[in-house]
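Keep the viewer open and the selection tool ready. Each stop below gives a selection and then what is there.

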Amino acid sequence: MTVEKTSVLVLDCAEPMELAEFYAGLLDAEIRIGSDPDFVEIVGNDGVRLAIRRDHGYAPPSWPRPEDSQQAHLRILVSRDDIDEAEREAISLGARPVDTGDSNSGPRDVRVYGDPAGHSFSLAVYPLPQQS
């Protein structure tokens with residue numbers, strides 16, 4: 001018999017509530033605080049689960065990484081019609097574009113940002129199901 005499991009992505013930062021508020025606003029989710037004030041969960045629509053954990057020695061990641069190495073990042077999926085509005089929301093909540101050149105403007109399918117603690121995330125267009 002397989003044990004039922006679930007997973008949650010945990011982001012480290014210096015101030016968990018500030019980062020939790022950013023992602024709760026961006027994902028239209030709720031903040032759940034348990035018995036450990038250094039660990040906060042974000043729970044939202046469509047099964048979104050994210051956790052924020054205080055790291056007292058936190059140093060923000062760099063982007064882009066040297067030698068084109070990949071680091072973990074969130075990809076937030078939106079419809080093509082909503083990507084510009086999603087970008088405005090993200091920036092109004094404190095996101096910073098990490099590529100301000102041609103690749104982060106106009107009708108692009110993927111746009112990359114840094115959250116208030118410096119983690120990278122992207123807004124990406126997802127294909128909508130075809131209506132028959």
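Select Glu87. This is a predicted model, and in it Glu87 is buried, with a relative accessible area of 15%. The cut-off for buried is under 20%.

Arg111 lies in strand β7 and Glu87 in helix α2, so the pair ties together parts that are 24 residues apart in sequence. Arg111 also counts as buried, at 2% relative accessibility.

Asp84 is partly exposed, with a relative accessible area of 39%.

Next, the salt bridges elsewhere. A search of the whole structure finds 9 of them. Select Asp38 and Arg54, whose closest N and O atoms are 2.6 Å apart in a salt bridge. Asp38 sits in the loop between β2 and β3 (39–43), and Arg54 in strand β4 (residues 49–54), 16 residues away. Asp38 is partly exposed, at a relative accessible area of 25%.

Which strands form it, and in what order? It is an open sheet of 4 strands in the order β5-β8-β7-β6, with mixed pairing. The edge strands are β5 and β6 (96–97), each pairing on one side only.

Zoom in on β5, residues 74–78. Leu74, Ile76 and Val78 make up its covered face, while Arg75 and Leu77 make up the uncovered one. β5 pairs with β8 (residues 120–125) in the parallel sense, over 5 bridges. Step along the pairing: Ile76 has Leu123 as its bridge partner in β8, and Leu77 has Ala124.

Last stop, the surface. Select Asp28, Asp81, Asp82 and Glu89, which form a negative patch. Glu89 is in helix α2 (residues 83–93) and is partly exposed, with a relative accessible area of 36%. Asp28 lies in the loop between α1 (16–27) and β2 (30–33). At 59% relative accessibility, Asp28 counts as exposed. Check its backbone too. Most residues other than glycine have a negative phi. Asp28 is not a glycine, yet has a positive phi of about 50 degrees.

Note on methods. Residues numbered from 1 in each chain as written. Predicted model: local features only at pLDDT ≥ 70, side-chain atom pairs only at ≥ 80, totals over all residues. Heavy atoms only, no water. Buried < 20%, exposed > 50% of the residue type's maximum accessible area, 1.4 Å probe, protein only. Helix = DSSP H or I, 4+ residues; strand = E, 2+ residues; numbered from the N terminus. Pairing = 2+ DSSP bridges. Patch = residues over 30% accessible without salt bridge, like charges linked within 9 Å, V, L, I, M, F, W, Y side chains within 5 Å. Areas by Shrake-Rupley, 256 points an atom, 1.4 Å probe, with all protein chains shown as cover. Salt bridge = Lys/Arg side-chain N within 4 Å of Asp/Glu carboxyl O. Lys, Arg positive; Asp, Glu negative; His and termini not counted. Charge placed at Lys NZ, Arg CZ, Asp CG, Glu CD.
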